[in-house]
Structures are given as structure tokens and as C-alpha cells.
Amino acid sequence: HCAYNRASGAQLVPNPEREGKEVLKVARIDNEELEISNQGAVWNFPTLHKGRFETSVYISEGSKGGRLSLSDRWFNASDTTAYKFAMYNFDLSELEQNRWNDLVFEWDLASDTKSCSVKDIEGNEIATLPLNFDTVNGVNYVHFISTADEEDTKGFLIERVESKP
């Protein structure tokens, strides 16, 4: 499973709104040499039972979708089944297109609901994510992946990631 693809996946590209800066682009590039065409990216942070994760995501017009999953283990960046075992999943197609969406995810695995709130940077609630898969260890990975069913060269962009207890 860790050798799905042996080709470049997500890549750094120029930021569409900030000259001289780069961002990570996640898309789906169809290529017969790939086991899976959906690109992704994975980032590890300190394990948190109660925590906060922040990111900025840009959904390009014409993008065919993406997902952000918070989990307790590493998954291959192009693993299309990672969401099944993630604690929380967020569909990026719910976001506004052609602008940066600053997102704040907050969870407390000791709470009664164990849910995760998703807010914009001003504190306005966007969604409440139910616990999808229980964990003993806490959350310590974010997995971004294109969910396009066909080639999607537009994809989405990731400007920053940050976690806090």
C-alpha cells in the first residue's frame, strides 16, 4: 500500500493571490502508470485528544472536489479509503470557490458528543462533524485528497497548516 504511486503527486505552485509565494496543489491527473490518479498530501502533528487544527484552502473554479480528514495514523497520500478510518472528515466542495477559505477545526474526544466543529477564521460555524471512527490515541494527522472521479487539473490549493492544543 505504501508504494501505490511512484510519480510526483501534489506539487508546489505559485499562489494565485500572493506574488512570490507558493502553495501546495492537490489534483487528479489521469496517468496509466499510476495505481491511483487522485493526488493527496499528509501532515503529522503532535497527538491531541483536545485540539485545534487550522488551514487555508483555495478551491479553484471548476474543481471536482476534495476531502480533509483528521486521523490518528498515517495513510498514503493517494489512499482513497483513508476517510473510512479517520476520526473526522470534511468535504472541501462545501467551500466557496476562487478565494482562500481559512478553516478552524476544534475537537474534544472527552466530550459527550466527541464532535469536531469547523469554523471560519471569524468564528462563524461552517459545520459540525460527527466522530467517524473512534480512537484511543488522539488525532495527529491531516490527510488531504482529491475526490474527483475523473481528471481534475484544477484541484485545490493548501496555503498553510497549523495545529494547537
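Strand β4 (residues 50-59) is largely enclosed by the rest of the structure, because eight of its ten residues are buried. Buried here means under 20% relative accessible area, exposed means over 50%, and partly exposed lies in between (1.4 Å probe, protein chains only). Strands are DSSP runs of E with at least two residues, numbered from the N terminus.

This is a predicted model: local features need pLDDT of at least 70, side-chain atom pairs count only at pLDDT 80 or more, and totals for chains, interfaces and linings use all residues. Residues are numbered from 1 along each chain as its sequence is written, and side-chain values use heavy atoms, with hydrogens and water left out.

Start with the partners of β4. Two strands pair if DSSP finds at least two bridges between them. β4 and β7 pair in the antiparallel sense over nine bridges. Lysine 50 has aspartate 108 in β7 as its bridge partner. β4 is also joined to strand β11 (residues 152-164), again antiparallel, by eight bridges. There, serine 56 is the bridge partner of arginine 160 in β11.

These strands belong to an open sheet of seven strands. Its order is β1-β2-β11-β4-β7-β8-β9, and the pairing is antiparallel. β1 (11-14) and β9 (125-129) are the edge strands; each has a single partner strand, so one side of each is left without a neighbour in the sheet. From one strand to the next, the twist averages 35 degrees. Such angles run from 0 to 180 degrees between N-to-C directions, with axes fitted as lines to C-alpha atoms. Glutamine 11 stands opposite lysine 25 in β2.

Glutamate 125 lies in strand β9. With a relative accessible area of 48%, glutamate 125 is partly exposed. Leaving out residues up to four places away in sequence, glutamate 125 touches Ser117, Val118 and Lys119. A contact means heavy atoms within 4.5 Å. Aspartate 79 is 46 residues from glutamate 125 along the chain, and their C-alpha atoms are separated by 29 Å.

A second open sheet has four strands. They follow the order β3-β10-β5-β6, with antiparallel pairing. Its edge strands are β3 (40-48) and β6 (88-91), and each pairs on one side only. Neighbouring strands here are turned by 15 degrees against each other on average, direction ignored. Six bridges join β3 to strand β10 (residues 139-146), and the two run antiparallel. One of the residues involved is glycine 40, whose bridge partner in β10 is isoleucine 145.

Next comes the interior. In soluble globular proteins, nonpolar side chains tend to be buried together. A nonpolar core is a set of buried Ala, Val, Leu, Ile, Met, Phe, Trp, Tyr and Cys residues joined through side-chain atoms within 4.5 Å. The largest one in this model has 27 residues; Phe53, Leu70, Tyr88, Phe90, Phe105 and Trp107 touch the most other members. Tryptophan 107 has contacts that include Phe45, Phe53, Leu70, Tyr88, Cys116 and Val139, not counting residues up to four places away in sequence.

Most residues other than glycine have a negative phi. Asparagine 98 has a positive phi, near 60 degrees. Asparagine 98 sits in the loop between β6 and β7, and counts as partly exposed at 35% relative accessibility. Lysine 114 also has a positive phi, of about 55 degrees. Its place is the loop between β7 and β8 (116-120). Lysine 114 is partly exposed, at 26% relative accessibility.

Proline 130 lies 16 residues from lysine 114 in sequence and 7.1 Å away in space, C-alpha to C-alpha. Proline 130 is in the loop between β9 and β10. With a relative accessible area of 60%, proline 130 is exposed. Beyond its neighbours within four places in sequence, proline 130 is in contact with Met87 and Tyr88.
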